[in-house]
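Keep the structure open and follow along.

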Amino acid sequence: MNNLAKLKQAFKSIRVKSLIDYIKYNKQIQLFGKISSVVIIIVCLFLFTILLQKILISIKFHEKVLAIDQQDELLKAQNGLEKELKALDKKLASKTPRSYYLVINSASNEFTLHKGTQTIKKDKCSTGSYILLKNGDQQQWMFKTPKGEFRIQGKTTSPVWKKPDWAFVEEGIPVPSANHFSRFEYGVLGDYALNLGQGYLIHGTLYQRFLGLPVTHGCIRLNDENLELIYNSLSVGSKVYIY
Amino acid sequence: MKLNLFRSLHEWQLISSFFVINKFKILKSAGLIILLTFVIHVGVSPLHKINEFKRLVRADSLFVEQYDSVYNHPDLESLVKESSYKQALLKLSEQDSIQLIINLHDSIVCLSIKGVIIHETHINNFKDDKVLKKLPNMEYVKLFSQALKIQSQWATIVKEPIVVRNAPKDTAEAALNAYQPDTLIQKPAFMKLELDHGIHIIFEQDLNPTFKHKFVRFIFKAKINVKNIYKEIFHFIRFQKSEYNPTIVIKMPADDLRAIYRAFPTNAYVVLNINT
């Protein structure tokens, strides 16, 4: 008898528990239903907005086709526009140099040599590293290749590099006097150098494995073969575009 | 007199009790009405933009005088738009710095200096704007026969990947950090340009292979959407006209996107050809 009472109580508690679970579950469903209905309303309103915009735009732009009685007038306008386009094309084409010019992409470290509309060569090069070298609070140097249109200002063979102050600061060596012999380095710039002005050069390199990487102090480095091609192709005054 | 007062008091009590009982229902319907008004407020925003473009044309009396009404004929649409594009390119060639050209007709984006194309990339996919696409020839010529100035720009990549280095104390320290190109870290590239007349251009990299790329894209888009919603709510609360920004979305290779973003200056000009 005692056992039976216990069993009954146990059944009761299970029933009560399952009822509570059911209510909880039911509440969860209700909450889920509310949230989903809000989401559906928002999505519907969003779609309605887009639809409304599309309808209004098409209504606004629904215009009558212009009635032109004389077909000649239309033909005349068409011919006039075609002529104008040809003249504009001619003017635009005249902007591109007919001789050799060089384009440098400093983001992908690539150069392209063009002659008029023709591409002569596309290969790797190295441009500025974007390193900002700080020597205390007094001095700082930014190693980036300038962007824009430049012209070749001079050409030299077997160039000698006169090391500027930053080259010593970067190596952790004391800066020597202006014309000290340690400033002059031979053979490090390759066989040729083309001057872009403001101290920037197109030259060769001993570190050919770094070509295609942004590692220079602002100059443009090329391999020996490309340097020779560019030296022979570009003359003083030729355009160089850097971006 | 007393009876009237009692009656009005009784009515007032009735009304207030009605509001108390149906509080949630009233709040719900008020919310729905506000939401619907907001939707209509946003929905009509393209009309404001179209009217703005029309006003822009009307304000320039010299342009209206010189413009031949024959050019409004739909048969001439392609030629008129091509002519506006070329005119804008010619005007752009007078600028000294690097400028951007977006040609949706040929699916290309170019960089140019003084009329010389220095970089050209193919657009893999784009989504043009419904207002700009259907713009009448007259408005189109007025807007796009000249380069548009970039009012603001922002991207998920830096304009200049500057790495700050302190000078080494000696040769041993210098040898440790020699030639370590930090600038090679390539983050996912997404960019937004805001041009004159409220025209927006969104550039996205075409491939998003990793979760990081997808996440950056999600955050980029979310930022734009949140900004737009915030702006619309702000206008709605202040009873101001909603602002519609014609937006063009362009997908292109990430490397080209980086090169383009890093190339043009902050106040660059953009030439658009939306003759699709």
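Start where the chains meet. Helix α1 (residues 2–60) of chain A packs against helix α3 (residues 45–59) of chain B at an angle of about 30 degrees, and their axes lie 8 Å apart. Axes here are lines fitted to C-alpha atoms, for helices over the stretch in contact, with angles from 0 to 180 degrees between N-to-C directions. Angles under 35 degrees count as roughly parallel, over 145 as roughly antiparallel, 65 to 115 as roughly perpendicular and the rest as oblique. α1(A) and α3(B) are therefore roughly parallel to each other.

This is a predicted model: local features need pLDDT of at least 70, side-chain atom pairs count only at pLDDT 80 or more, and totals for chains, interfaces and linings use all residues. Residues are numbered from 1 along each chain as its sequence is written, while chains are lettered from A and ligands numbered from 1 in the order in which they are written. Helices (H or I, at least four residues) and strands (E, at least two) are DSSP runs, numbered from the N terminus.

Which residues of the two helices meet? From α1(A) come A:Gln53, A:Leu56, A:Ile57 and A:Lys60; from α3(B), B:Pro46, B:Leu47 and B:Ile50. Contact means C-beta atoms, placed from the backbone, within 7 Å. The residues of this contact divide into five nonpolar, one polar and one charged. Nonpolar covers Ala, Val, Leu, Ile, Met, Phe, Trp, Tyr, Cys and Pro; charged covers Asp, Glu, Lys and Arg; the others, Gly among them, are polar.

Beyond its neighbours within four places in sequence, B:Leu47 contacts A:Leu56 and A:Lys60. B:Leu47 counts as partly exposed because it has 18 C-beta neighbours inside 10 Å; buried needs 20 or more, exposed 12 or fewer.

Now widen the view. The contact between the chains takes 52 residues from chain A and 60 residues from chain B. On the chain A side, α2(A) gives the most, with twelve residues. That side divides into 29 nonpolar, ten polar and 13 charged residues.

Strands cross the boundary too. Four bridges join β4(A) to β6 (residues 163–166) of chain B, and the two run parallel. Pairing requires at least two DSSP bridges. A:Leu133 has B:Arg165 as its bridge partner.

Finish within chain A. Four strands form an open, mixed sheet in the order β7-β10-β11-β12. Its edge strands are β7 (154–157) and β12 (220–221). Helix α4 (residues 224–233) lies across β7, β10 and β11, at about 60 degrees to β10(A).
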